[in-house]
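Reader: I would like to learn how to read disulfides in a model. Please take me through them step by step.

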Amino acid sequence: GAEYCSPQSGNCYANMDKSYYVHCSPKSSPSPPPPASNYPYADCCNYPHGCDGYPGAEYCSPQSGNCYANMDKSYYLHCSPKSSPSPPPSSSSYPYENCCDGCDGYPGAEYCSPLSGNCY
């Protein structure tokens, strides 16, 4: 571990190779995050637009409600895959079935929603 640091460069070192290095005291371990039930999206795996547990959405943040592919924070919840989703209705039943005609295909407009007509 790095027990010393240089006040000149800010770098950390395992040994006190220079006389001006200062000894770093060990940091206390951070306190654990509060239980997920204390967050606004405690049920983020299940609320109406919750994370489905499939690749790219295996974890969710009870703090933000967002879905994630990885458990990057200790308080993220693991979401189990739900039953197989039903296939989407045919595009002819959407009000904007030709929505791509209005999207230019450039970054930010590569995709469109046949339900809203919006480009993404």
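Author: Start with handedness. In this predicted model, the torsion about the S-S bond of Cys-51 and Cys-67 is about -95 degrees, so that disulfide is left-handed. The S to S distance for Cys-51 and Cys-67 is 2.0 Å.

Reader: Which parts of the chain does the pair of Cys-51 and Cys-67 tie together?

Author: A disulfide is a covalent bond between the sulfur atoms of two cysteines. Look up where each cysteine sits. Cys-51 is in the loop between β3 and β4, and Cys-67 is in strand β5 (residues 67–68), so the link ties parts 16 residues apart in sequence.

Reader: Is Cys-51 buried or exposed? And what is the relative accessible area of Cys-67?

Author: Under 20% relative accessible area counts as buried. Cys-51 has 1% relative accessibility, so Cys-51 is buried. Cys-67 has 32% and is partly exposed.

Reader: How many disulfides does the structure hold?

Author: Three. Take Cys-44 and Cys-60 next. Their sulfur atoms are 1.8 Å apart. The angle about their S-S bond is 65 degrees, and the link is right-handed. This pair joins distant parts of the chain: Cys-44 lies in the loop between β3 (22–23) and β4 (59–60), while Cys-60 belongs to strand β4, 16 residues away. Cys-44 and Cys-60 are both buried.

Reader: What is the link of Cys-45 and Cys-79 like, left-handed or right-handed?

Author: The link of Cys-45 and Cys-79 has -80 degrees about the S-S bond and is left-handed. The sulfur atoms of Cys-45 and Cys-79 lie 2.0 Å apart. Cys-45 and Cys-79 are buried.

Reader: What about Cys-5: buried or exposed?

Author: Apply the cut-off again. The relative accessible area of Cys-5 is 17%, so Cys-5 is buried.

How values were computed: Residues are numbered from 1 along each chain as its sequence is written. This is a predicted model: local features need pLDDT of at least 70, side-chain atom pairs count only at pLDDT 80 or more; totals for chains, interfaces and linings use all residues. Side-chain values use heavy atoms; hydrogens and water are left out. A disulfide is a pair of cysteine sulfur atoms within 2.5 Å. Helices (H or I, at least four residues) and strands (E, at least two) are DSSP runs, numbered from the N terminus. Buried means under 20% relative accessible area, exposed over 50%, partly exposed in between (1.4 Å probe, protein chains only).
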